[in-house]
Amino acid sequence: MHLTRRQFVFGSAVGLGALASPALARVPTSAPPAGKEIYLDPTFWTLNRIAYGPTPFEEESLRRMGLKHYLEQQLHPDNASDTLCNNKLSKAVLAIEYKASDPKSNEKATGSYPAVKEDRPLLALGSPLSDLWKLADYSVRIDNKERNRPTEEVRAATWIRAVYSQWQLREVMVEFWHNHFNVHAFSTAAISGTFPLYDGIMRKHCFGNFRAFLEDVAQSAAMQYYLNNNRSKASPANENYARELFELHTLGADHYYNDLYNRWREVPGAVKGHPIGYIDQDVYEAARAFTGWTIEDGSNTGKGTTFPKTGKFVYFDGWHDNYQKRVLGTEFDPNSPPMADGRKVLDLVSAHPGTAMYLCTKLCRRLVADTPPKSLVVKAAKTWQKNIKSEDQIKQVLRTIILSPEFAASQGKKVKRPFEFAASFLRATGADFAPNSGLFYEMSNAGYRQFEWATPTGHPDTSEYWLNSNTTLTCWNLLPKFFSDGFKVAQFDLAAHTPDNVRTSGDIINHWVRRLAGKQPDDTLFVALMQYMPNPKDPNFIPDIHHSDFKEPLQQMVMAIGMLPDFQVR
Amino acid sequence: MASDSDILVVLFLRGGCDGLNLLGPSSDPIYIAERRSETRVERDGDHKGLPIKNNFADSDFRFHFKAGKLKELYDAKHLAVIHACGLTNGTRSHFEAIDFMERGTPDNKTTTTGWLTRFSHEQKFKGMVPIISTSNSLPTSLLACPEAVAAPNVKRVTLQSGGHFKTIQEKLLNERYQGTDPIAINGLRTLAVADIFGKKIPLDAHGKQADYVPSAGVTYPTEGYTNELNNGLKALAQLIKMDIGVRIATVDYGGWDTHVDQEGRFANLTDALSRSLFAFWEDMKAYHDKMTVVVMSEFGRRLRSNESRGTDHGHGNMMMVLGSGVRGGEIYGQWPGLDNPHLDNQVDLAVTTDYRTVLSEVISTRFSKPMLNLVFPGFVYKPLGFMKA
């Protein structure tokens, strides 16, 4: 796509508005400003947290509408209107290449396949379970690249949406939920093959009701396989899912009292049916409740029957531990109807006040600060509990958080994760972007293992994990890769994305610092960046911005701004 | 003997390695009754465990059949095992257990530094890059240790941007990353590390950064579940040989959370652990007199196996210590037995040795007078005697 200077934001002429905005108008046009005062623009910082970074167009929209209206619009995404993103998705291709099947390998499998080398559109994204599940069948020879393909496509689509979708808050929340309900997609083909459906659950419920969300996750092939509940039978049951359900999906480790209490009655509130938290006995009992929740995978039930090969969730009573149970101080009668035990556990954990606190702490940590203000978490948890049965429970909580004074007062407190670093750079520079496996590889090197974080915690959300020399250096080195010919992820036309009336060296510096770092440069930064300009002593000099000689200096300067401390935070 | 150049390597088996399957009391009738044969060390057949000499307990302790190279190190008296040890806190959560262990304060998750951080600050290591993690990030044991460097791939630790403006960029970034906030400290450290590595990484005949070549005769295994561990150990070997003053290193090896189908997975993991650690030890021959490797995991696994042919989260576990300063070829600690009243919470192997005992003994015998009360506050340490004084 050729961009004219006027179409400086994703092909939209509306982007011009950013130029006329009061914020930019306040930036001096030539002389560097005095002092070291940093200009904090709330619009800029808001879009670094409810979006993958600002673009001039989004800044203008938010400024025009005000946060309240802008948020309402974001909470009611409409796929049909997301034209640019939809176009990018429909045109996207991802390379796939493998050799023909080796008849000598894996003698238990049947069938053969030819060599493949192609740029393939994202075809798996809309595929039904009946097609995707075929990839999980290890009795048929299928190259692992095909088994992993659906996840690779979700990765590509996630990148495209993060950079181009106008429904940015949804993307931010989908990423949040993927981490909250983390699975390692490449750990087995039942997960990698069905991952678009798992992504669909995140998208369906990201603004919805937590209890409904929890049940869809619990019954997904991805979670069933990842935490082994598909293999859990009486007795002893497999505890993996039940444990992480308490610890990571609902109450959180802060409500785990195993080091304090050996007996359930000792947990405060338990005798009255309202324990303040859980202990291992709750995990054991919940694990029993979920026995028999499994996936139709063609295996032998051990009870004289075989499951069909569909990949669908099924309840198999022959594996269920039917006797009485006690979870969180609540008695379960023996011989309950199918699924009733598991559903009752989901009811109990999703309604527990500890879950409200844990989830709201995590949401505030994502959107506000590593250590979010307690006042805000408590407010959000109140909204959470008040809307426990509402279809828009999560939406309500997001309103409480994002419209709070605590949110407004917490600018630039979060260190960007590599994904945010890269996406916000691409957005701010108006890159023409197409993800590929080279980008996924770099993210992984930086420590951001998109959909392949091995443990069920998901990616850490505090700076102590991300502030290390490997992550920082890998992120910084991504910028020259973006601008190189070989990487083939992005194309830039920085000159075309520099507005018409930004002409002098000083203006060019001010413009790009404002655009990436959200502030006007202080004296020393201004002088340092002048070294990139053809006439470093004269901020009023007007370089020929479209001349090929100016391409490298402008790119190097923009990369340098991307490496500044200001661009590392959101 | 303490030296001023000793190297401590902490290899963490993430996910809860099943110590009862790695070195199990093969003849104990309770062990046999509670565990499916696929999840225990067997006494007969193709998967017969490897017997070892010990004075620990009367239960015929044997290594897993894939741990042949560990047995070799044990028999050569380089490797010692400490069994029934771990965290005294009752948690069965991976993430809590790791948090407690690596902060070094078993009842306090809010400690703001890792135990290796406190140890390294207390030792005041000199040298260019004294503290290394071979993972993509730093483990909690190195929490709040800005001088520690994550270097999973040595060749990538150079700064690639700048072009014709390299000098201008370097000056700019060095100026902007000044200050005491964590972002500034990390940024400046990143620039320094890139600079050091840029100068120190060996070049090949064409002036390009050379791939690592292990010492003559040493081959790291390449097949099976070896990537994470091999990459980590090889990166570490290279870093140590680059002579940049490495004193502490952490290496991670994940995948031990064997809730289902433990048999095959555990065998693969153990095979890779055994052979890779052996290869690393051979590769590091020139450094044997100054090196100690500690192998640990967050907890052991449930005594009774589950119905999906796996084991769930447990408590007591084993640790291993490898080094020329180790009184190897013995199992240390106290075996609590597997009968119900002696199990922790009546389900899991009890902990009779606090994991901090093992770490304390290693650092206090190999490093100069560490202040253990700073490294493990509130912990009273009594040596087990597995290290030479």
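Analyst: Take helix α9 of chain B to begin. B:Asp271 and B:Arg275 lie four residues apart in this helix, so about one helical turn separates them. Their side chains meet in a salt bridge, with N to O at 3.3 Å. B:Asp271 counts as buried because its relative accessibility is 18%, under the 20% cut-off. B:Arg275 is partly exposed, at 26%. The model is predicted, so side-chain atom pairs count only at pLDDT 80 or more.

Other salt bridges share partners. One network joins A:Glu175, A:Arg366, A:Asp370, A:Lys414, A:Arg417, A:Glu420, A:Asp461 and A:Arg570. Over all chains, the structure holds 65 salt bridges.

Next, a pair within chain A. A:Glu146 and A:Arg120 form a salt bridge, and their closest N and O atoms are 2.8 Å apart. This pair links distant parts of the chain, 26 residues apart. A:Glu146 sits in helix α8 (residues 144–164), while A:Arg120 belongs to strand β2 (residues 116–121). Both partners fall under the 20% cut-off. A:Glu146 is buried at 13% relative accessibility. A:Arg120 is buried too, with a relative accessible area of 12%.

Now the pairs between chains. B:Asp261 and A:Arg231 meet through their side chains in a salt bridge, 2.8 Å from N to O. The pair crosses between chains. B:Asp261 is in the loop between β8 (248–254) and α9 (262–283) of chain B. A:Arg231 is in the loop between α13 (221–226) and α14 (240–249) of chain A. B:Asp261 is partly exposed, at 36% relative accessibility. A:Arg231 is also partly exposed, at 23%.

The wider interface puts that pair in context. Here 65 residues of chain A are in contact with 56 residues of chain B. The two chains bury about 4900 Å² between them, 54% of it on carbon and sulfur atoms.

Polar contacts between chain A and chain B number 28 residue pairs. Several elements of chain A give two or more residues to the side touching chain B, among them α14, α22 (437–445) and α24 (469–483). The largest share, 10 residues, comes from α24(A). By class, that side of chain A has 26 nonpolar, 22 polar and 17 charged residues.

How values were computed:
Residues numbered from 1 in each chain as written. Chains lettered and ligands numbered in written order. Predicted model: local features only at pLDDT ≥ 70, side-chain atom pairs only at ≥ 80, totals over all residues. Heavy atoms only, no water. Salt bridge = Lys/Arg side-chain N within 4 Å of Asp/Glu carboxyl O. Buried < 20%, exposed > 50% of the residue type's maximum accessible area, 1.4 Å probe, protein only. Contact = heavy atoms within 4.5 Å. Buried area = accessible area lost by both parts, 1.4 Å probe. Polar contact = N/O pair within 3.5 Å; in protein donor to acceptor, adjacent residues only side chain to side chain. Nonpolar A, V, L, I, M, F, W, Y, C, P; charged D, E, K, R; others polar.
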